[in-house]
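The following paragraphs lead the reader through one protein model, beginning with a single residue and widening to the whole chain. Please keep the sequence and the coordinates at hand while reading.

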Amino acid sequence: MSTPLEYYHSLPPVSKLYGVGCLMTTAAYYLQLYDLESIFLLYSLVIKKFQVWRLITNFFFLGPFSFPFAFRLIIIAKYGVSLERGPFDKRTADYVWMLFFGALSLLVMAAIPYCWTPFMGSSLVFMIVYIWGREFPNARISIYGVVSLKGFYLPWAMLALDLIFGNPLKPDILGMVAGHLYYFLTVLHPLAGGKFIIKTPFWVHRLVAYWGAGIQVNSPVQRDPSAGTAFRGRSYRLNAAARTSNRERTRTRSSPSPPPASPQPSSNRDQGAAFRGRGHRLGS
């Protein structure tokens, strides 16, 4: 892109909204427009004082301006956009439902005292990384230009980097759990013959349609193109043979019958010429 504005307009809607929301939340904190104690997750205030906004606002604070904050924004801009343009292309409602399901799973896990963290935006970002690694397992990536590995190992490599840099590992692990739960219920379990459990609700489709951004196609599971190829091939040949037989039968009925052939005299009766003549008349 020639300008930052063109790059901004080229971003898909969901990743753009979430990334800009996280950036504006941190910028507003530095402008002292709010206090962190008013937006972090605390179930006692949610239940007793009905401060339900805490269930949402805690996902938009990725920390103060720092290298980890910039790194998380880069994850949204790279891997979140790659998911929205790749496996979730023309499935905007499914992508919104993925983020909503991940946030709901993290809120349920936060009800456990050991799993609670005041801000769970980092866990939601790490969930995006985990799902990207499962959707692009063979993609070659480079970490700081030093280590090259496959996309499947990207979440584990980032977990190791946080361990080296001294960052807390609990948000990353919670994000991996939420990402694996979503990927198992929406991809692995249905492809193994199980029932599709968490189909995108109708109200999410309505929300995306009302928003007027993105496109939705009813394809909740991206199946392997090579799966079931032999069965589809045999089915196609059987249908083609049946159609060919029907066309020949219709052509035979519509075309005028040829005049019956007169029996040809033959000196050799062992060849059965008279029998074949009568057979031809019966067939006609």
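**A walk through the predicted model**

Setting aside the neighbours within four places in sequence, Tyr-183 is in contact (heavy atoms within 4.5 Å) with Arg-134, Glu-135 and Leu-188. The model is a predicted one, in which local features need pLDDT of at least 70 and side-chain atom pairs count only at pLDDT 80 or more, whereas totals for chains, interfaces and linings use all residues. Residues are numbered from 1 along each chain as its sequence is written, and side-chain values use heavy atoms, with hydrogens and water left out.

Tyr-183 belongs to helix 9, which covers residues 170–191; helices (H or I, at least four residues) and strands (E, at least two) are DSSP runs, numbered from the N terminus. With a relative accessible area of 8%, Tyr-183 is buried. Here buried means under 20% relative accessible area, exposed means over 50%, and partly exposed lies in between (1.4 Å probe, protein chains only). Tyr-183 and Ile-131 are separated by 52 residues in sequence, yet their C-alpha atoms are 6.8 Å apart in space.

The protein as a whole has 12 helices and two strands. Along the sequence, these elements follow the pattern α-α-α-α-α-α-α-β-β-α-α-α-α-α. Of the 284 residues, 36% are buried. Among contacts between residues at least 6 apart in sequence, 66% join residues at least 24 apart. The accessible surface comes to about 17,900 Å², and 65% of that area belongs to carbon and sulfur atoms; the areas come from the Shrake-Rupley method with a 1.4 Å probe, and for residues only the protein chains shown count as cover.

An unreviewed UniProt entry supplies the annotation "transmembrane region" for residues 17–43, 55–76, 96–129, 141–161 and 181–198. UniProt positions are given in the numbering used here, feature names are shortened, and annotations may be inferred rather than shown by experiment. In the model, residues 17–43 are 56% helix and 0% strand, with end C-alpha atoms 26 Å apart. Residues 55–76 are 59% helix and 0% strand, and their end C-alpha atoms lie 20 Å apart.

The two strands can be taken together. Strand 1 (residues 140–143) and strand 2 (residues 147–150) pair in the antiparallel sense over four bridges, where pairing requires that DSSP finds at least two bridges between the strands. Ser-142 has Ser-148 in strand 2 as its bridge partner. The strands form a hairpin with three residues between them, and Tyr-144 in the turn has a positive phi of about 55 degrees.

Which other residues have a positive phi without being glycine? Most residues other than glycine have a negative phi. Gln-32 is one exception, with phi near 60 degrees; it is found in the loop between helix 2 (13–30) and helix 3 (43–48) and is exposed at 71% relative accessibility. Lys-90 also has a positive phi, of about 60 degrees. Lys-90 lies in the loop between helix 5 (67–85) and helix 6 (92–110) and is partly exposed, with a relative accessible area of 43%.

Aromatic rings give a further view of the packing. The structure holds 17 aromatic pairs, counted for rings of Phe, Tyr and Trp (its six-membered ring) whose centres lie within 6.5 Å; planes under 30 degrees apart are stacked, over 60 edge-to-face and the rest tilted. The rings of Tyr-29 and Tyr-34 are tilted, because their planes stand at 50 degrees, with centres 6.2 Å apart. Phe-65 and Phe-69 form an edge-to-face pair, since their planes are at 80 degrees, and their ring centres are 5.2 Å apart. Phe-65 is partly exposed at 40%, whereas Phe-69 is buried at 3%.

A charge sits over a ring if NZ of Lys or CZ of Arg is within 6 Å of the ring centre and within 35 degrees of the ring normal. Lys-16 lies over the face of Tyr-8, 4.8 Å from the ring centre, and the charged end of Lys-170 sits over the ring of Tyr-114, 4.9 Å from its centre. Lys-170 also touches Thr-117, which touches Leu-41 as well, not counting residues up to four places away in sequence. Thr-117 lies in the loop between helix 6 and helix 7 (121–135) and is buried at 9% relative accessibility.
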